[in-house]
Amino acid sequence: METLVKLSLSELEDFVESLGEKRFRAKQLFSWIYSKSADCFDKMTDIKKDFRDKLSLHSVILDTKIKKKQVSSDGTIKYLIEFADGNCAETVLMRFDNRANLSACVSSQVGCFMGCDFCATAKRGFVRNLEPYEIISQILTIQQDTGLKVTNVVFMGQGEPLNNYENVFSAIKSINENLNIGIRRITISTCGIADKIKKMCESDFIPTLAISLHCADSNVRKQIMPVENKYSLGELKKALIYYTEKTGKRVTLEYILIGGLTDTKEMAQKLCEYIYDLKCNINLIPYNPIGVDKYKKPNKKDIMIFKYLLESQGKKVTVRLERGADIDAACGQLAGKV
Ligand code: SAH
């Protein structure tokens, strides 16, 4: 059995030929898979019946399954995707009422080994990297299931994308070329692997960058994010300046507001000092509870004060809308629960 989404166009041509068909048929098939998101061969109406039969006998389009699907009251859909080896990870579709954008939040690994203390994915540990086709399969699953076209992709599901560098960048190339999603509409979110950020800046496809900063005080950041021991805030900053100079783009800084810990005026001051010379936007994320709850949600007043302090530095600040919290699909809540 061949899994067609694993194949490049030229490999698909070889496969089609091995079934005794003309190579050019592969283009047709390719377009059904990627542009029209067909979920079965019978829908491929301009392909003749006996070829479709041969295809169903010898191949599948995807080898993944939707293990569970949950729809939030805000329209967010969370899929638990089961990969061929039985491992599962989430993909989340976010729609924003007032915009035509449909964002797919994809996983790059099953589990994660970065160990951030506030994150549900970290609590499950690291299982394995996802292959490029397994990342593409997540987007195709959404498109097949909803009949809608994904317009933006964010690597903000399970995993640290820069720890699965080769596969993630190979997937990005395919998202861009085969799914026709512009490179500016593809965002990588990382906890701050500074040397990989620099490496990324040398590639031909440089996606939009989001950083899980979460704290601008090194000691407190160490308590909640072990990555700070390896790549300190100082080193991270150098990599971010390099990115903004190289691309001319802003970085997005994601900042979790944890009640009493990272949401204080003192912490806002530290953040202001850290970012004063950095081209960036700030996305404040009120902490989402993950069950163990050593940490607290921030209160509304502290969120507003924090936002105000940053804005008075002339930065653009948004408070992230909590999407899908009723189905545990919000940031940091993805842990492959069945
Ligand atoms: N490993 C990458 C990709 C994960 S993105 C990264 O660190 O950026 C998921 C985002 O949700 C990250 O910004 C992460 O720090 C944040 N997050 C994790 N746990 C959270 C929680 N309990 N509440 C709010 N945001 C959380």
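Is Asn180 counted as buried or exposed, and at what relative accessibility? In this predicted model, local features need pLDDT of at least 70 and side-chain atom pairs count only at pLDDT 80 or more, while totals for chains, interfaces and linings use all residues. Residues are numbered from 1 along each chain as its sequence is written, and side-chain values use heavy atoms, with hydrogens and water left out.

Asn180 is found in the loop between helix H6 (165–177) and strand S10, where helices (H or I, at least four residues) and strands (E, at least two) are DSSP runs numbered from the N terminus. With a relative accessibility of 61%, Asn180 counts as exposed, the term being applied over 50%, whereas buried means under 20% and partly exposed covers the range in between (1.4 Å probe, protein chains only). Although Asn180 is not a glycine, its phi is positive, at about 60°. Most residues other than glycine have a negative phi. A positive phi, near 70°, is also found for His214, a residue other than glycine. His214 lies in the loop between strand S11 (208–212) and helix H8 (218–224), and its relative accessible area of 5% places His214 among buried residues.

His214 is also one of the residues closest to the ligand, together with Phe118, Ser189, Ser212 and Asn288, in a shell of 21 residues, a residue being near the ligand if one of its heavy atoms lies within 4 Å of it. This shell divides into 11 nonpolar, 8 polar and 2 charged residues; Ala, Val, Leu, Ile, Met, Phe, Trp, Tyr, Cys and Pro count as nonpolar, Asp, Glu, Lys and Arg as charged, and the others, Gly among them, as polar.

The ligand sits in the largest cavity, a cavity being a set of points, on a 1 Å grid over the protein atoms alone, where a 1.4 Å probe fits but cannot get out; a molecule sits in a cavity if more than half of its atoms lie within 2 Å of its grid points. The elements that give two or more residues to the shell around the ligand are strand S10 (186–190) and strand S12 (251–257).

A nitrogen atom of the ligand is placed 3.2 Å from an N or O atom in the side chain of Glu160. An oxygen atom of the ligand is 3.3 Å from a polar backbone atom of Thr190, and an oxygen atom of the ligand is likewise 3.3 Å from an N or O atom in the side chain of Glu254. Taken alone the ligand exposes 540 Å², of which the protein buries 94%, as computed by the Shrake-Rupley method with a 1.4 Å probe.

The side chain of Glu254 also makes a polar contact, at 2.6 Å, with the side chain of Ser189; such a contact is a pair of N or O atoms within 3.5 Å, and within protein one must be able to donate a hydrogen and the other to accept it, with residues adjacent in sequence counted only if both atoms are side-chain atoms. Ser189 lies in strand S10 and, at 9% relative accessibility, counts as buried. Another serine, Ser59, lies in strand S2 (residues 59–60) and is buried at 2% relative accessibility, its side chain reaching the backbone oxygen of Leu55 at 2.7 Å.

Terms used. 1 Å grid on protein atoms, 1.4 Å probe; cavity = no way out; pocket = protein on both sides within 12 Å on 5 of 7 lines; lining within 4 Å.
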